[in-house]
Amino acid sequence: MGILGLSKLIADIAPQAVKEMEIKNYFGRKIAIDASMSLYQFLIAVRSEGAQLVSVDGETTSHLMGTFYRSIRLIENGIKPVYVFDGKPPEMKSHQLNKRAERREEAEKELQKATEAGDQASIEKFNRRLVKVTRHHSEEAKELLKLMGIPVVDAPCEAEAQCAALVKSGKVFAAATEDMDALTFGAPVLLRHLTFSEARKMPVQEFHLDHVLQGLELNHDEFIDLCILLGCDYCGSIRGIGPKRAVELIRQHRTLDNVLRNIDTQKYTPPENWDYELARKLFIEPEVTDPKDIELKWSDPDEEGLVKFLCGDRQFNEERVRNGAKKLARARTGTTQGRLDGFFTITLSPNPKRKAEDDKKNAAKKKAKTSGGGRGRKPK
């Protein structure tokens, strides 16, 4: 879920914090990608087109197809991706996971009804709701990425938090995910739609945290409290308080503690045992691996390894896989130069009139020295 309604709120109140970019603008950039979110997008996209791609055993391979070809496109555009995988979810997220399980159960019932009625539109809708990224999907994607020469990071907990830590440390330029809580975790730059912007003909959205805070007139601690009030993965929210009202309350009272002291809790009733303080702590001090202990290394693709992994039982076309591996190798060679702005500094051309005046003054000084007008050293 991320943070409920945050992207629209930022667009309304702090539009200067969001830029629309093309994928080519990130040439030479290292970007941490939320792997689970990316895999989910690939599984959804292919299912929406009618059916999942499968191996000879009937196992889904859509996530591998998406990861393989989209990663090639990223690298061809000069991007150096690193995929970050979720670890164990925090205990506080269990209520959200339980809700998702309930929604899947409901979707299964509705899917059965739609199938019996022959309602194709509803069948597709409820099929999408049943998509879930499993541990098996993740393990397969990790193996594929390593064969492609792309670094993989296993987060101890939330992938978005680990992505944010990598950006804050300067190891990468941005975190790429659809979940807005990467900003709540403190990522200075967040990219949305990166992994599917070309396929869907839509721009990449680039969010800058400093501009978000400036536009909302909040510091980061206050922003975290706002995100909890909007609705996050770790605890419920107060019914009846919408996004605009939430901003007003945090601006006025600066903390959730003060908000609770000053609102009518009979009208705006907080959830029972609302543990917003622990949620706040999870955002401020998330469980992450210290970026200093993470080595990000991109290497040449293993063409034979990719053919062995993707072809055969997984039914990928060998010629296309080999072509993909060659594209990776060529693109890797082309991006080793890095970004041009890392090598050059901008210098301003001098004003011609000012330059002529400076040359005249310098000539006069030189003439004064040679004629003995200046205080020179006594010759030996």
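Guide: Let us begin with charges and rings. A charge sits over a ring if NZ of Lys or CZ of Arg is within 6 Å of the ring centre and within 35 degrees of the ring normal. Here the charged end of Lys142 sits over the ring of Phe85, 5.2 Å from the ring centre. Arg314 lies over the face of Phe309, at 4.1 Å from the ring centre.

Visitor: What should I know about the source of these values?

Guide: This is a predicted model, in which local features need pLDDT of at least 70 and side-chain atom pairs count only at pLDDT 80 or more, while totals for chains, interfaces and linings use all residues. Residues are numbered from 1 along each chain as its sequence is written, and side-chain values use heavy atoms, with hydrogens and water left out.

Visitor: How many helices and strands are in the protein?

Guide: Helices (H or I, at least four residues) and strands (E, at least two) are DSSP runs, numbered from the N terminus. The protein has 16 helices and seven strands.

Visitor: What share of the 380 residues is buried?

Guide: Buried means under 20% relative accessible area, exposed over 50%, and partly exposed in between, with a 1.4 Å probe and protein chains only. Of the 380 residues, 43% are buried.

Visitor: Which residues of α11 are buried, and what do they pack against?

Guide: The general idea concerns the turn of a helix. An α-helix has 3.6 residues a turn, so residues three or four places apart point the same way. In α11 the buried residues are Ala246, Val247, Leu249, Ile250 and His253. Seen down the axis of α11, they fall within an arc of 165° (taken from the directions from the helix axis to the C-beta atoms), so they line one face of the helix. These buried residues pack against α1 (6-13), α10 and α12. Just after α11, Arg254 takes a positive phi of about 70°.

Visitor: How many salt bridges does a search of the whole structure find?

Guide: A salt bridge is a side-chain nitrogen of Lys or Arg within 4 Å of a carboxyl oxygen of Asp or Glu. The search finds 16 salt bridges. One of them joins Glu222 and Arg254, whose closest N and O atoms are 2.8 Å apart. Glu222 lies in helix α10 (residues 220-230) and Arg254 in the loop between α11 (243-253) and α12 (256-262), so this pair ties together parts that are 32 residues apart in sequence. Glu222 is buried, at 10% relative accessible area, whereas Arg254 is partly exposed, at 31%.

Visitor: Where in the protein do Arg245 and Glu248 lie?

Guide: Arg245 and Glu248 are three residues apart in helix α11, about one helical turn. Their side chains meet in a salt bridge of 3.7 Å, N to O.

Visitor: How many aromatic pairs are found?

Guide: A pair of aromatic rings is described by the distance of the centres and the angle of the planes. Rings of Phe, Tyr and Trp (its six-membered ring) pair if their centres lie within 6.5 Å; planes under 30 degrees apart count as stacked, over 60 as edge-to-face and the rest as tilted. The search of the whole structure finds five aromatic pairs. Among them, Tyr26 and Phe173 form a tilted pair, 6.3 Å centre to centre with 45° between the planes. Tyr26 and Phe173 are 147 residues apart, so the pair links distant parts of the chain.

Key
Contact = heavy atoms within 4.5 Å.
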